[in-house]
Amino acid sequence: MSVMYLILPLALLVVFAAVIAFVWAARRGQFDDLDTPAMRALHDDVGDQKKPPKD
Amino acid sequence: MNTVPDASAVAGSAASVAMPCAHCGLDVPAGLLDAVAERQFCCTGCRTAYAILHEHGLGQYYAFGEKRDAPVRPTGKRYEEFDHEAFHTLYVKPLRGGLCSTELYLEGVHCTSCVWLVERVPLILSGVVRAELDIGRARAHVEWDPATVTLSAIAQQLDVLGYPPHPYRGVAADEMRRKEDRAMLTRIGIAGALAGNIMLLALAQYAGWFSGIEAEFERYFRVISLLLTIPALFGPGWLFFQGAFASVRTRRLHIDLPIAIALLAGFARGAVNTVSGSGPIYFDAVGTLVFLLLGGRYLQNRGQRAAADAAEVLGSLAPNAARVVDAGGERELPVEALLPGMVMSVRAGETFAADGDITEGRSAVDCSLLTGESRPEAVGLGARVYAGTVNLTGPLLVKVTQAGEMSRLGALLRRMEESARRRAPVVQLANSIAGWFVAVVLVVAVVAYVYGLRTDPARALDNAIALLVVTCPCALGLATPLAITMGIGRAARAGILIKGGDAIEALNHPGLILLDKTGTVTEGRARLVRWEGTASVKPLVAALERESSHPIAIAVQQAWPVIEVLEARDVQQTVGGGIEGTVAGRRVVVGAPTFVARRIGAEEHAPDVRIEAFAEEGLTPVWVAVDGVLVARAGFGDPLRADARASIDHLRALGWRVALLSGDHPAVVRGAAQQLGINLADAVGGASPEEKLRRVELARARGTVLMVGDGVNDAAAIAAATVGVGVHGGAEASMSAADVYLSRPGLGPLVELVQGARRTMLVIRNNIIFSIAYNVLGATLALLGLLDPLIAAVLMPISSLSVVLASWRGRMFDAPVFDAPVAAAADAGASSGVPRMEPSR
């Protein structure tokens with residue numbers, strides 16, 4: 001059972017990484033607009049001839 | 001939001017073959033059909049947009065197969081003010097590399113193809129680096145290189161494509177809210193991760209409780225739980241302590257207080273027990289509570305947000321520029337630079353940028369934005385005009401009296417915002433119940449434990465744990481929000497968009513329904529209802545009316561998609577009178593009876609008896625004379641929606657009192673009331689927006705008020721009502737101010753809304769009754785020592801699950817309770833492509 005002393009902190013480390021990733025995404029505004037990106041995905045599906053010059 | 005579903009069917013029956021416009025997909029009026037052309041267009045706007053798209057290889061736009069709501073109607077504005085210095089300091093942000101960026105509010109964006117097209121503007125205009133559209137907020141973020149292209153050119157391009165742009169005036173407030181939103185999301189994320197892991201550890205400990213666990217590991221799990229709870233409580237959970245402190249300081253009971261007490265008590269007891277190594281730790285409850293409460297609060301904030309956005313949209317719709325006349329001649333100034341005392345020149349077709357008095361010129365003004373009165377008002381020297389209303393016929397010089405926030409429109413917007421802010425949502429109630437519930441359970445558990453120690457030390461701890469486990473605020477906390485969320489989701493699928501749970505609750509107390517007339521119970525546009533006279537003069541009238549943009553003229557154009565194209569010459573319009581000209585060598589006069597009589601020299605005759613008859617039916621009389629002889633009489637009216645009568649009867653049967661509150665002429669409102677079976681005392685006409693607001697506030701003192709309207713003039717009243725409802729095709733402002741937006745035409749959806757709200761509330765009531773019964777029963781059993789902790793642990797999720805199931809299965813908005821023949825009454829002569837007059841221009 002002493003593996004617990006290793007595995008639990010490791011699991012918490014993974015959680016910590018996930019939380020950091022989430023906070024980063026939220027701060028970057030990834031959750032600001034939840035509607036339009038879904039539509040943009042459709043656009044690519046139809047197949048753009050010319051890509052807009054996005055940086 | 002879709003197009004009027006039966007539009008094509010109606011037009012199809014009128015014209016022999018209905019051809020869709022190659023750009024907007026709406027039917028092309030018969031007169032504009034070109035037999036030899038490969039593609040048909042309903043207007044030059046659509047033709048231009050189509051040409052631009054093909055020129056730039058963007059024909060794929062049509063692959064989305066979504067129809068536009070309306071044909072492309074470019075405003076033709078030049079947007080010079082977008083390049084003005086004052087405009088740039090206010091709205092344009094410089095970026096690195098010499099680029100500029102701004103936020104534009106776009107009219108008319110509504111679907112995937114709009115997103116696609118707007119974001120491809122960089123392909124059409126070189127110099128535009130990026131265009132991104134947020135469809136939910138109708139806002140485009142544009143970046144461009146000022147060395148290559150001007151903002152006015154970009155604005156003109158968007159305008160030509162059918163999306164007239166406006167500067168977005170709420171950027172500062174928006175930035176703040178966005179930050180708040182992100183901070184809240186961050187809190188929820190952290191709290192969720194911590195709560196989940198505390199839960200997992202708790203599970204291990206419960207399992208250990210039953211199957212045995214080494215003391216060493218139990219202690220280990222407890223310490224880790226404590227370490228996870230500390231950041232959850234004092235990180236994301238700090239919000240509740242802040243609220244509680246404020247509550248203590250201001251001596252006003254706030255829901256954060258019991259929540260904070262419960263959280264702190266649970267945590268303190270758990271921490272002490274962790275150190276001492278005995279007794280329950282409450283960390284799982286504390287962590288989960290923080291997470292769930294934060295989540296609830298976030299959703300609730302988002303709902304309120306939508307209402308607050310209304311004012312910004314409206315502000316964005318006011319004109320951006322005014323031409324100011326001074327010693328140096330005429331120059332364009334952004335509205336922000338307007339000061340009282342300045343004289344501005346306003347051409348026909350333009351919107352007034354500020355309140356003012358006319359110093360020169362005569363014209364007709366469309367005040368529908370402010371008053372809802374659909375008929376233009378004649379104005380002359382010294383008359384007062386208001387920001388947001390439209391100058392229709394002649395050029396005017398106006399001396400500014402009030403501008404910006406101080407204008408009548410500005411004041412209206414402020415009041416709307418205030419009303420919107422005052423509302424208290426129902427979810428708060430659920431939160432406070434959960435908070436008190438937790439506090440009570442904790443106290444009971446402690447008392448039971450202490451009492452148990454004396455009577456039955458061996459079972460005391462078991463019973464206390466069973467109590468804590470089995471009494472779960474989750475079911476109670478979930479009962480309301482879940483049912484409401486489900487109800488809102490179901491309603492959205494039925495075309496009824498509900499912004500907040502409080503609307504659903506309020507709709508369960510029948511009270512007064514105030515209906516705006518124009519556009520709500522009627523179709524909101526002038527229609528040719530009666531024609532008395534020979535049909536042979538129709539082409540003459542149509543030719544003449546083609547030269548005008550008066551609502552009556554538009555109604556004529558719609559009624560007869562031109563039979564035969566005739567040329568009209570020497571056309572002259574008289575404000576408040578009519579129109580005259582020469583068509584095919586004959587002198588044609590069309591207009592108000594007195595005007596026509598004067599023109600043909602028949603004034604000395606006795607007044608026409610038909611005028612009286614038309615007025616009684618609420619019709620606007622228009623007489624036609626050809627070569628000095630009266631040949632036809634036409635009556636124009638705004639027909640009632642087909643389902644209005646049946647819907648209103650239905651609402652009455654559900655216990656609501658129905659009244660009309662309109663800005664239109666009292667006689668017309670009374671006429672409509674009669675047809676709808678509404679008590680004449682309940683039909684109020686001639687109400688200004690301020691009057692509407694006052695009446696709504698008065699009525700609120702007596703009970704629930706449901707205000708239904710479509711115009712900007714209703715927006716303040718809609719926001720002030722207990723529940724404000726915006727209807728299909730209404731102005732953006734009324735939609736945003738409303739708690740509920742009906743995206744299908746007619747009043748049928750209103751009935752569905754009221755019935756659906758009743759069913760939703762029923763589900764909520766059942767949920768609450770169930771979870772209270774469950775908790776009381778569970779607590780009693782636990783206190784009596786009849787409940788094993790194991791059984792309690794199994795029961796807890798079941799209680800939550802049954803609430804979820806009950807909410808999910810409740811058929812709140814599913815069955816269309818009410819079907820009305822919406823299409824049946826649509827006038828056969830009407831073409832469908834012409835949109836409602838939008839007051840936003």
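Biologist: Which residue of chain B stands opposite Met344(B) of S8(B)?

Modeller: Val324(B) stands there. This is a predicted model: local features need pLDDT of at least 70, side-chain atom pairs count only at pLDDT 80 or more, and totals for chains, interfaces and linings use all residues. Residues are numbered from 1 along each chain as its sequence is written, chains are lettered from A and ligands numbered from 1 in the order in which they are written, and side-chain values use heavy atoms, without hydrogens and water.

Biologist: What makes S6(B) and S8(B) a pair?

Modeller: Two strands pair if DSSP finds at least two bridges between them. Strand S6 (residues 321–326) and strand S8 (residues 343–346) of chain B have three, in the antiparallel sense, so they pair. Strands (E, at least two residues) and helices (H or I, at least four) are DSSP runs, numbered from the N terminus.

Biologist: How many bridges join S8(B) to S14(B)?

Modeller: Four, and the two strands run antiparallel. S14(B) covers residues 396–402. One of its residues, Lys399(B), is the bridge partner of Val343(B).

Biologist: Why is Ala584(B) called exposed?

Modeller: Exposed means over 50% relative accessible area, buried under 20%, partly exposed in between (1.4 Å probe, protein chains only). Ala584(B) has 55%, so it is exposed. This residue lies in the loop between S19(B) and S20(B).

Biologist: What makes Asp32(A) and Arg178(B) a salt bridge?

Modeller: The rule wants a side-chain nitrogen of Lys or Arg within 4 Å of a carboxyl oxygen of Asp or Glu. Here N to O is 3.6 Å, so the pair qualifies. The rule finds two salt bridges across the interface of chain A and chain B.
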